[in-house]
Each structure stands twice: as structure tokens, then as C-alpha cells.
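The sequence and the model are shown below.

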Amino acid sequence: MAKITAPRGTQDILPAQSEKIRNIEALLLTLAESYGYRELRTPVFENTDLFERGVGDTTDVVQKEMYTFEDKGGRSITLRPEGTAGAVRSVLEHGLLNEALPLRVSYLTSCYRYEKPQAGRLREFHQFGVECFGAAAPIADAQLILFAKHIFDIFEVDNISLEINSIGCKECRAKYYEALKEYFESKKDAICGTCVQRLEKNPMRILDCKNKECRDIAKESPVILDYLCEDCKEHFEKVKEYLDLNGVNFKVNPRIVRGLDYYTKTVFEFVSDNIGAQGTVLGGGRYDGLVEELGGKPAPALGFAMGIERLVLLLEALDYKFPEAKTADIYFCNIGDNALKAALSLSEELIADGFEAAIDLVGRGLKAQMKYANKIGAKYTVVIGDDDIENGVLKIKNMETGEVSESDFINFAENFENLYLEQITQKEFEYLNIETEEE
Ligand code: HAM
């Protein structure tokens, strides 16, 4: 029978990789907490209108990329293509915007977009994202960008570029749309069918089209920065000033429009050229109209999201030193049935104390058990035979140094813990000594 493989554009996260990702995610959530963000979890699927209204029905995401289906109750359901719309829906539904503002939420979610898979572009991918509600001042934009930059600092990524732009508010957008319409009207025959429709409904979306011809034509189009109203101009100047004050390098790229409709004023992207064509690792901006669009009282808001897979690609490309893979702390080899019983009880005690303890589950001989303990990288091993049970003393072997220590049965867990801590302290001491010598 033919083997069933994972659907195109999805990937399994195998144990070695998931350990790296768990580590990254823990750092991200901790950093988010330092900026006052608390984790929000929303459903993988939402009612389709949420994204049609929230993300925008002229975007590629809504027009071409959503996983939409009818459920058994005849409702139109969509797997979330991004995290912002669901976060806004959730904070509105639970009245969180009536509590202390600004409200800050973070999330780690899987997202689904029917795109052509390639390196860094998947149909199921994961985002770390944050959303801040109730802060209209440019200082909020600047702090959000500093937060995003902080992520790359934590992972020691320095060659990533920050590009920012302002796409203005409704008022500046109206004038800009006129200019764009005029520009693209004369090139109507050369742009794709979808963009011809966009020309009427939302001409800025043409700037985000993935079609090569449309992209080439868009290169010469008018830029939004020339159409900003005084208020938006001042807001953007302030954001830049705060970034400068904090020594942040950035480039103003007037062609960033982002692929989702909800943005207003500041937008930004962190782009790398280490991971191929899909170089945008993190993107975000302000979206002051979305809360109202989704039925809430008007509330300014802003946020960003980062693709976890793209961050991992980047860290791997830059040879980031991930923490060493976890291995068993101790492996109990047994000779005979009584020893196996003792191994099971001792391992339970150690597991209760937070250690990773393993025993033989498949009835291997002693030699094969030792081989297995080596394979799984057990830090310590103990061989238990009938004699040891009779004498009540066990030998604990440090697999790295070969040193052997003894412990009685009764105090085994306590003695092992002391031995373990001693070894860690010794290692730290050696490490510090090397550091001092190098200085
Ligand atoms: P976005 O730019 O569409 O923004 O996606 C954010 C990040 O998700 C991208 O920079 C990229 O790293 C990752 N990403 C997007 N599509 C894919 C894909 N097909 N495969 C792998 N990674 C992908 C948003 O989603 C906004 N909700 C961000 C935001 C939050 N704006 C305000 N708040």
C-alpha cells in the first residue's frame, strides 16, 4: 500500500528540532512578559467573515490563500491565516478593552496559508506575535520596534535590516489612492486580472501583488510618504526620532505596504538575506481602524508577528549555538528480575525529583543495556545485580569522567542529587577558570 506522507507545505517537527523551538519559544514568551505582554490563546479556526472583514477581502491572503470550508452545520469556517484578527475578536468578545489600557497580549500559534511552498514558505507555519491595544502615541510604535529588535539581539543576530514606512490614515490614503489609480490606469493592460479589480476597490494592494509584471510596474508608482497628512507625518517623525535616540539602525522603505489591509501609519519589517527569497522574518505595524471594523469602540492598536520557521532558518544559517540536546540523567541497568524491580522504584524516585531516569523496558542483556545507555547519552549509569541488592550498596558511574561513587539504596535519590549538583558546580568552576585565563 502506498505510504501516506505529510500534506504539501507542512512539516513535522521532530524531537531534535522541537527542543530547539521550545527553547526559542520560552525565550520569546519571557521577553514578551518583560514588555508587559501576557499570552492569549485563540482557536485555530474562526468564522470566515472575521478574516474577510479583518484582513481585507482584496488581499492575496483572503482572495487566494485561505483554507476555508463549510462545517457540518453549514457554517463557513477558516483556518487562521494570521493571529491579529483572532486576537482582536477575542479581546472584544471578552470585554478586555474595558479594563486597564494599554492591554498587551502575545501568542504562539500555527497559521495556514495556501501558498506555493518553498524554503521559508509553508502552508502550515508558526508565528510568535504580540498586539498592544489602547496606545495611540508614537512612543508605542517605537517601543514595539525596540521589542522586535530585542528578539534579534537575544539570538545574537546582528545582520538583519529593519525597514520602516508610514502608510498614513484614511485621509492621506484617499489622496494617495487617486494618484495610484491614475498611475495604474494607464498600465491596465499590463497588470494581472486581480490587480485590475484591485484598481477599483483598493489600489494599494497592487503594490503587494506577487505577480512579476505587476511588481515591475509597481516599482515606478507614486509613494505614500509624499501624501501623508500633517498628523501622520509628525507621528512618523517622532517614531524615527525615538529609534534614533536608542541607536536603532533602520531604513525608510516607502514601498512597504504589508500584505494585510488593516494597517495605518507605521509599518515595519525585519528582513534578512541569509534565508533566501522569503527574507522577511518579522513584520508588523499600527492598525488603528481594526477594532472598530470588527465591531468594537474605536481603539488604537499595533503589533507584530514573526515566523518561527524563518527565525530557525536564520539561526541555523548563522550557526547559532542552541543549548545542548537533553539526554537522560541516569540509566539503571539491571541483571535479573529483582534488579529490574529495584530499578523501576529508584527511577520513579528520581523522576519525582525532576531527573530524567531510564530503565530497560525491553528485556535486553547487560551488554546491550550499556550500549543503549551510551546511545541515549545517559550522564550516569548504575548496574544493579542480585549482590548489590543483598549488600544494599549501588555504584554510580559518571559516563563522562568514568568516576564511580557509591550510595546505599535508602538515600539513593538524595546522594544522586548531591553528586549531580557537585558535577555541575565543578563544570561551572572549570568554565569560569577558562574564561578568566582567556581574559
Ligand atoms: P505577516 O507579514 O503576514 O504579518 O506575517 C508575519 C510573519 O509570518 C512573516 O514575517 C513571516 O516570518 C511569517 N510567515 C508569513 N507567511 C508565511 C508562510 N507562508 N510560511 C512561513 N512563514 C510565514 C501578519 O501575519 C500580521 N498579523 C502581523 C501583525 C501582528 N501585525 C500587527 N500585529
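## Aromatic cluster and ring pairs

In this predicted model, one aromatic cluster is formed by Phe332, Phe355, Tyr380, Phe412, Phe416 and Tyr420. A pair of aromatic rings is described by the distance of the centres and the angle of the planes. The count of aromatic pairs comes to 21. In the pair of Tyr67 and Tyr114, the ring centres lie 5.8 Å apart and the planes meet at 75°, which is over the 60 degrees required, so this pair is edge-to-face.

Tyr67 belongs to the loop between helix 3 (60-65) and strand 3 (68-70), and Tyr114 to the loop between strand 5 (103-112) and strand 6 (124-133); the pair therefore ties together parts that are 47 residues apart in sequence. Tyr67 is partly exposed, its relative accessible area being 26%. Tyr114 also counts as partly exposed, at 46% relative accessibility. Tyr183 and Phe184 are both buried.

## Helix 6 and its surroundings

Helix 6 (residues 170-185) comprises 16 residues. From its first C-alpha to its last, helix 6 reaches 22 Å, close to the 22 Å expected at 1.5 Å a residue.

The buried residues of helix 6 are Cys172, Arg173, Tyr176, Tyr177, Ala179, Leu180, Tyr183 and Phe184. An α-helix has 3.6 residues a turn, so residues three or four places apart point the same way. The buried residues of helix 6 pack against helix 7 (193-201), helix 8 (212-218), helix 9 (230-245) and strand 9.

Strand 9 (residues 264-271), one of the elements packed against by helix 6, runs antiparallel to strand 10 and is joined to strand 10 by 6 bridges. Within this pairing, Thr264 has Arg286 of strand 10 as its bridge partner.

Strand 10 also pairs with strand 11 (residues 301-307), in the antiparallel sense and over 5 bridges. Here the bridge partner of Leu282 is Met306 in strand 11. Strand 10 (residues 280-286) is mostly covered, with 6 of its 7 residues buried.

How values were computed
Residues are numbered from 1 along each chain as its sequence is written. This is a predicted model: local features need pLDDT of at least 70, side-chain atom pairs count only at pLDDT 80 or more; totals for chains, interfaces and linings use all residues. Side-chain values use heavy atoms; hydrogens and water are left out. Buried means under 20% relative accessible area, exposed over 50%, partly exposed in between (1.4 Å probe, protein chains only). Helices (H or I, at least four residues) and strands (E, at least two) are DSSP runs, numbered from the N terminus. Two strands pair if DSSP finds at least two bridges between them. The expected span of a helix is 1.5 Å times one less than its number of residues. Contact means heavy atoms within 4.5 Å. Rings of Phe, Tyr and Trp (its six-membered ring) pair if their centres lie within 6.5 Å; planes under 30 degrees apart count as stacked, over 60 as edge-to-face and the rest as tilted.
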